[in-house]
Amino acid sequence: MPDKTLRSPRELNAKTILKRLFGEYSYVVSFILIITIAVIVNPNFFRWRNFSNMFTQSASTTGFIALGMTMVICAGQIDISVGAQVAIISGFGIEVLNTTQNIWIMLAFCLALGFVIGSFNGVLVAKGRMPAMIATLAVQTSCRAIINHFGQGGPFSVASGISTQPHYETFRRVANGSVRIFGYNLPYPMIMFIAAALLFGLIMQRTRLGKHIYAVGSSEIAAKMAGVNVDRTKIAVFAITGLLCGFTSWVYSSKLMAVAAANAGSGFEMDAIAAVAIGGTAMSGGRGKIIGTFLGVLMFKMISNTLVAAQVPTFLTGAISGAIIIIAVLLQSMRGRTK
Amino acid sequence: MMTGKQYEDEAFASRVSQAREKVAMQAEGLSGAGFNDISFTLREGEILAITGLQGSGRDQLADALFGVIPHSGTLLVGGQPIRGGIARFLKRGVAMVPRNRKERGILKDLSIYDNLSMGFINTLQKGFIVRPPHEKARYSRQKQALDIRADNPKNPVSSLSGGNQQKVILGRWLETKANVLIFDNPTQGIDVGTKFEIYTLLLRLAREGHAILVFSSEFPEIRKVADSCIVMYKGEVNKVLSREDLSEDLLMYYSTGSNVEEKLHA
């Protein structure tokens, strides 16, 4: 009987290698490309200080959030409330720190508030059957409005009157401190970001939750027929993203020591989505890797640093993240069409 | 090239029912959206076919028997009444190979490994971690049992032919100790040779003691595997045909409701 299912064993010709490189592993290609450009524009690129700064900047802004966003997008959803979440959590978080003078209570508060807001997003989407775009847009607007109201236009600052007290310096060190290993300064945010990326990579590849996320993003009805609890999976991805917004708020507040209600975390959603997109995650769900997003976050930072080095006006960086999303998604859809 | 004709009845005509004493699933006056007052008894080792035209309520009945849509009336699994969603049904050993494989069956972006392991992950797995060596072991067990032909099990399941995709989905449930297997239009869009393999598999599973429901609209298929066949018309059981009575004419006669209409016009 002729067997159509067996193809000739592993065709490893140049064509298939190229196809996989530009398909499945496109983020590696873009990473090399962007490093090359970055090195040309900025000869100091490989200096350790420049390198570790890149990590610190990413981790105290959109790095962690992009990891959660990968889960959300892999599950076929989207979360555009992350920037406003960071604003509201940072604002109240700093108030908590000023009141309790304990950075760990502040961390617990940030995580808890992020978890609550994220779960709320998830419940709206899963149980309320709302499109994720609309639900998280509404939450975004509400969060921003609430923190603007409490901020009354002014910033939330870690009270400077207590700068003589020990916890002030302890908190500043969360984002600005580092440990010295083998002669290299490893900033805390760099260590935290790498650890988080490893953890999330494992969750996506090696746990039931990870398999469920890919299943739901692949096809909700097929996932349901395979016994996956679709609603619970959706709530989980939004809740985890909320947790990461909480954690980011902690690092972000420490980096800045004062956050303005009106523009804290603004544009984080776009930057995170852009990092996920250049990381090769399919915007339609079901496919994507944490390692791609990890490199995507760094690539995104390299691009903006390179633009600064090339003296592109800072106000235009938003246009750049827009362009990155457009290019990355266009490439994906073109790939889908040729298949 | 082989055609269906050559397989016709050669291996299947002589078979005798493997039905045992123990009842695996029993419906009494089962109703829901699209079907009404359905009763049947399914024993271990038995293959019961359910047929009917489009709109006869067949699809909805299949969904209700797996907890996809709710039902009223009594449904017993292993002698105990069952309610609730898919998770409850899975826990009680009911599994389904759904119709519309491409939309409802396969998880198209996931690897063959993951597709096959999804059943185990959602039922028997203790804890949170999925271990690749265990996934591999499950796959090679089912690959051998079902003769799944795949180049590389790490590839997406959509790289397989329709028949092999269907075997992966069946293997998914065979790794869960499910004993009531519901096949909803299982050979849709599958080539003739593989259809034959699937029929042979159905008979083997019945011999091993599984209770099997086959929802189908193809007479040759029903003829080959079924011990008896329920014919649905307008959401209700119109006729139950035993294996001896089964013929294409009778099947059409009852699924178009000709008996009902005749009475009406008499």
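The legends below accompany several close-up views of a predicted model. Local features here need pLDDT of at least 70 and side-chain atom pairs count only at pLDDT 80 or more, while totals for chains, interfaces and linings use all residues; side-chain values use heavy atoms, with hydrogens and water left out. Residues are numbered from 1 along each chain as its sequence is written, and chains are lettered from A and ligands numbered from 1 in the order in which they are written.

**View 1. Helices H13 and H14 of chain A cross at roughly 120°.**
Look for H13(A), residues 268-278, and H14(A), residues 290-309, whose axes come within 7 Å. Helices (H or I, at least four residues) and strands (E, at least two) are DSSP runs, numbered from the N terminus. Axes are lines fitted to C-alpha atoms, for helices over the stretch in contact, and angles run from 0 to 180 degrees between N-to-C directions. The two helices are therefore oblique to each other (under 35 degrees is roughly parallel, over 145 roughly antiparallel, 65 to 115 roughly perpendicular and the rest oblique). In the contact (heavy atoms within 4.5 Å), H13(A) contributes Asp271(A), Ala274(A), Ala275(A), Val276(A) and Ile278(A), and H14(A) contributes Thr293(A), Gly296(A), Val297(A), Met299(A) and Phe300(A).

**View 2. Strands S2 and S3 of chain A make a hairpin.**
S2(A) and strand S3 (residues 184-187) of chain A run antiparallel, joined by 4 bridges; two strands pair if DSSP finds at least two bridges between them. Arg180(A) stands opposite Asn185(A) in S3(A). There are 2 residues between the strands, and Phe182(A) in the turn has a positive phi of about 50°. Most residues other than glycine have a negative phi, and most peptide bonds are trans. Is Phe182(A) buried or exposed? At 79% relative accessibility, Phe182(A) is exposed (buried means under 20% relative accessible area, exposed over 50%, partly exposed in between, with a 1.4 Å probe and protein chains only).

**View 3. Ser178(A) sits in strand S2 of chain A.**
Ser178(A) is partly exposed, with a relative accessible area of 29%. Leaving aside neighbours within four places in sequence, Ser178(A) is in contact with Arg173(A), Asn185(A), Leu186(A), Pro187(A) and Tyr188(A).

**View 4. Gln101(A) lies in the loop between helices H5 and H6 of chain A.**
Gln101(A) has a positive phi of about 55° although it is not a glycine. Gln101(A) is partly exposed, at 32% relative accessibility.

**View 5. Chain B has an open sheet of 4 strands with antiparallel pairing.**
Follow the order S2-S1-S4-S5 across this sheet of chain B. The edge strands, S2 (35-43) and S5 (80-81) of chain B, each pair on one side only. Strand S1 (residues 23-32) of chain B is antiparallel to S2(B), with 6 bridges. Within this view, Ala27(B) stands opposite Phe40(B) in S2(B).

**View 6. An open sheet of 6 strands in chain B has mixed pairing.**
Its order is S6-S7-S8-S3-S9-S10. Strands S6 (94-97) and S10 (236-242) of chain B stand at the edges with a single partner strand each, so one side of each has no neighbour in the sheet. From one strand to the next, the twist averages 20°. S6(B) and strand S7 (residues 180-184) of chain B pair in the parallel sense over 4 bridges, and Met96(B) stands opposite Ile182(B) in S7(B). Helix H10 (residues 248-255) of chain B lies across S3 (47-51), S9 (228-233) and S10 of chain B, at about 30° to S9(B).
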